[in-house]
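Hi there,

Here is the structure I promised to pass on to you.

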Amino acid sequence: MKPSINAVLVSLLLLIDVVSVCHGGGLSPVFYEKSCPQIDRIVRNITWSKVAENSTMAPKLLRMHYHDCFVRGCDASLLLDSTSGNPAEKEAIQNSNIRGYEVIDEIKTRLEEECPGIVSCADIVALFGRPMWQVLTGRKDGKVSHSSEASINLPSAGANFTTLYQQFIGLGLNIIDLVALSEAHTIGVAHCAVFQRRLNVTGKGDIDPTLDPEYAEFVRTQCTNPGVAVALDANSSASFDSHYFAGLRQNKGLLRSDAALLTARRSAHIVRRFEKFPVFMTYFGNSMKKMGSIGVITREEDGGEIRKN
């Protein structure tokens, strides 16, 4: 059954930011107030129309934002095409299933008509989150993109807690951000190729013992080939809620990186707390804002630009 647009978007509107405004890194919540006052309307109208046509677009745009920020910061380097002798980030195997580029292109084209040379692609990638959480703007676009950096810096679906924690700390995030941002797996899917080793640990058909046996057997029946997509959240993959955390505590975390959150006492405690959606909601917006500020470029002299395309 096709997920309801209400399930994907309207529930996300609950994520209106409840924390105070942070003006760090040269970013501002009103950066385009005078130079491009139509920006929010244009981004919202195009984004919502695309999600209305295809409800899977919401998690795809969220994933694009994650994958952009974790490599070179939030500079839209993920959008750059490869050049001769240099495969770009989008060519990395970790980015092979990134979708939604055409949505960013359509928004950029429209904004260039209204406000030529003003709005960066980096801000467009981040702005899909308004009004779901507060998005600061003022980013410039980066000029460098290497697939090798994506391969190194993007968190792996098979990572253990220590590896995940070190990656997040290295980006200026903390353990609360790690758990809160992992909750994005409450919507969207993963292909069987990504987690198939959990269903066949030693090659003899044995299931990862940290998976709920009944759930593992169900997933195995779904994975008729490596390209099949399975819901990341076993409880409610079509809506943004706290059921992801309940699923983790039922040993139904599809990815090893999900299950890893239960292997450290502090993160397991946060998982339990975040089962209460109002508690989770107070942290998620802030974590998204922090992630959206990773490695931002705000000046041309620092290697930034406003791309035309």
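The link of cysteine 192 and cysteine 223 is left-handed, with -85 degrees about the S-S bond. These two form a disulfide (a pair of cysteine sulfur atoms within 2.5 Å), and their sulfur atoms are 2.1 Å apart. The pair connects distant parts of the chain, 31 residues apart: cysteine 192 lies in helix α9 (residues 192–195), and cysteine 223 in the loop between α10 (213–222) and β2 (229–231). Helices (H or I, at least four residues) and strands (E, at least two) are DSSP runs, numbered from the N terminus.

A word on the source: this is a predicted model, where local features need pLDDT of at least 70 and side-chain atom pairs count only at pLDDT 80 or more, while totals for chains, interfaces and linings use all residues. Residues are numbered from 1 along each chain as its sequence is written, and side-chain values use heavy atoms, leaving out hydrogens and water.

Searching the whole structure gives three disulfides. Another one joins cysteine 36 to cysteine 115, S to S 2.1 Å. Its S-S torsion is about 75 degrees, so this disulfide is right-handed. Cysteine 69 and cysteine 74 are also bonded, with sulfur atoms 2.0 Å apart; the torsion there is about 120 degrees, so that link is right-handed too.

With the bonded cysteines numbered in sequence order, the pairing reads 1-4, 2-3, 5-6. And cysteine 121? Cysteine 121 is in no disulfide, and the nearest cysteine sulfur, that of cysteine 36, is 13 Å away.

Enjoy exploring!
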